[in-house]
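Subject: Structure handover

Hello,

Please find the structure we discussed below. My notes on it follow.

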Amino acid sequence: MKKLMIGLLTAVTIMGMTVSAFAADLNTQNSNTEITNDALPISNYAPKDLDINKVIIGGKNIEIGRNGVLIYKGKVMVPLKITAESLGFKVEADKDNKIISLDNGKIKTNVYIGMDGYYYSSSNAIGLTMMHELGAEPIVDNNIVYVPINMYNFLFNDEKAVGSFFVRNKDGQWIYSINGELLIGWKLINNKWYYMDNNGIMQRGWVKTNDNWYYLLNNGEMAENTVTPDGYKVDQNGKWDGRPAAIVKTNTEDGIDIINPIENFDTIDDAQKALKFKITVPKELLGKYNIKYINTISRNVFQICYMNKENDIIFRMGQGIEDISGDYNNYKTYNTININGSNVKLKGDNDLIKVAVWSANNMSYSISITNGMKQDEIINLIKSAI
């Protein structure tokens, strides 16, 4: 059993599938839809640059950073200061930060926090437009002012001033905006079909629409003419053929075949429902790294992968006191230090730690870093997880 678990923990599943045709019955976006989230980890998400988070306004690609967009009252909300200044507006707020003025030398406007009323006027002439409602008022979140992105369609008097693009929200989930409006339902994007739920979140795993089941990979693309990671056959239009699943098997070093035990989840809360122990994650990583995937192994081990341009960081926890890192390489550095009462084994090369393993209260923990991390940094990381 120990060899079996080692085989599971060291295995990496990378799957890539493409999509072409799509069944006509999915063009109905307002049908009743069921969604399950049991996809396996895939190598990438829909957009190619995971460390870039851009919106397109006025033909410009504007980087909005880790804060991402907000979805509020069904509208895509963007940081006002970053977007407006990128478009050439001078941005000034009153002393109470309730009124923000924008002026690019040609047009000017005032944005009022909490009021769904927008207008603009000439920077050089008298007169202004009538107040116009966009369906959501400017709001403040974490000291950042957000406005509906379609405000820029209104300001530039162009329904397509805001482009169409994938963008992440502040939780790292992908949404798709079409000329400033939030996409809900099915959409063909670059010849690939995607499905967004009623909150606009790009879905993965199984979805049911119009009494047919379809499978979405972790990059959001609909699987077509293939066998899904959990063993079901889908046809050239992406529909499940209705037959039982084939056995999805993984070969261990002992030559024993087992059903693949990896279950993928969209959120930590979803994974928590599948586990009997309470999940904790390194707080030091929150807001600094994007989440690549969340899954469980045989519902005994929880793992979450964070990433940025330099590193993938995998945090695992599970019941018992065995090493669950799945990393059994020989490293030059090997030492043990005490952190908050736990003996933590640190392994790495050239002053960079690549693996940390410890146990506490009959639970095992590990952190693995692809390119390594300085010891002081990983100690802070571990402290935030204990």
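**Exposed turns and positive phi**

N190 is exposed, at 69% relative accessible area. Please keep in mind that this is a predicted model. N190 sits in the loop between β15 and β16 (192–196). Its phi is near 50 degrees, a positive value in a residue that is not glycine. For context, most residues other than glycine have a negative phi.

D211 also has a positive phi, near 70 degrees, and is likewise a residue other than glycine. D211 is found in the loop between β17 and β18. With a relative accessibility of 69%, D211 counts as exposed.

Residues 203–222 are 0% helix and 50% strand, with end C-alpha atoms 10 Å apart.

**Aromatic pairs**

The structure holds 13 aromatic pairs. One of them is W186 with Y214: the ring centres are 5.6 Å apart and the planes stand at 75 degrees, so the pair is edge-to-face. W186 belongs to strand β15 (residues 185–189) and Y214 to strand β18, so this pair ties together parts that are 28 residues apart in sequence. Both W186 and Y214 are buried.

W206 and Y232 also form a pair, with ring centres 5.7 Å apart and planes at 90 degrees, so this pair is edge-to-face. W206 lies in strand β17 (residues 205–209), while Y232 lies in the loop between β19 and β20 (233–234), so the contact ties together parts 26 residues apart in sequence. W206 counts as buried, at 6% relative accessibility. Y232 is partly exposed, with a relative accessible area of 26%. W206 and Y232 belong to one aromatic cluster together with W213, Y215 and W240.

One further residue from this part of the chain is E224, in the loop between β18 (212–216) and β19 (226–227). Is E224 buried or exposed? E224 counts as buried, because its relative accessibility is 14% and the cut-off for buried is under 20%. The C-alpha atoms of E224 and N237 are separated by 6.1 Å, although these residues are 13 places apart along the chain.

**A four-stranded sheet**

Strands β6, β7, β8 and β9 form an open sheet in the order β6-β7-β8-β9, with antiparallel pairing. Its edge strands are β6 (90–93) and β9 (121–122), each of which pairs on one side only. Strand β8 (residues 107–112) pairs with β9 in the antiparallel sense over two bridges. K108 has S121 in β9 as its bridge partner. In general, strands of a sheet pair through backbone hydrogen bonds.

Strand β27 (residues 333–339) runs antiparallel to strand β28 (residues 342–349), and seven bridges join them. T336 stands opposite K345 in β28. The two strands form a hairpin with two residues between them, and N340 in the turn has a positive phi of about 50 degrees.

S342 lies in strand β28. S342 is buried, at 6% relative accessible area. Leaving aside residues up to four places away in sequence, S342 touches I337, W358, S359, A360 and I386.

Which residues of helix α5 (residues 375–383) are buried? They are I378, I379, L381 and I382. Seen down the axis of α5, these buried residues fall within an arc of 160 degrees, so they line one face of the helix. What do the buried residues of α5 pack against? Their partners are β26 (312–319), β27, β28, β29 (352–360) and β30 (363–373).

Regards

Terms used: Residues numbered from 1 in each chain as written. Predicted model: local features only at pLDDT ≥ 70, side-chain atom pairs only at ≥ 80, totals over all residues. Heavy atoms only, no water. Buried < 20%, exposed > 50% of the residue type's maximum accessible area, 1.4 Å probe, protein only. Pairing = 2+ DSSP bridges. Arc of directions from axis to C-beta. Contact = heavy atoms within 4.5 Å. Phe/Tyr/Trp six-rings, centres within 6.5 Å; stacked < 30°, edge-to-face > 60°.
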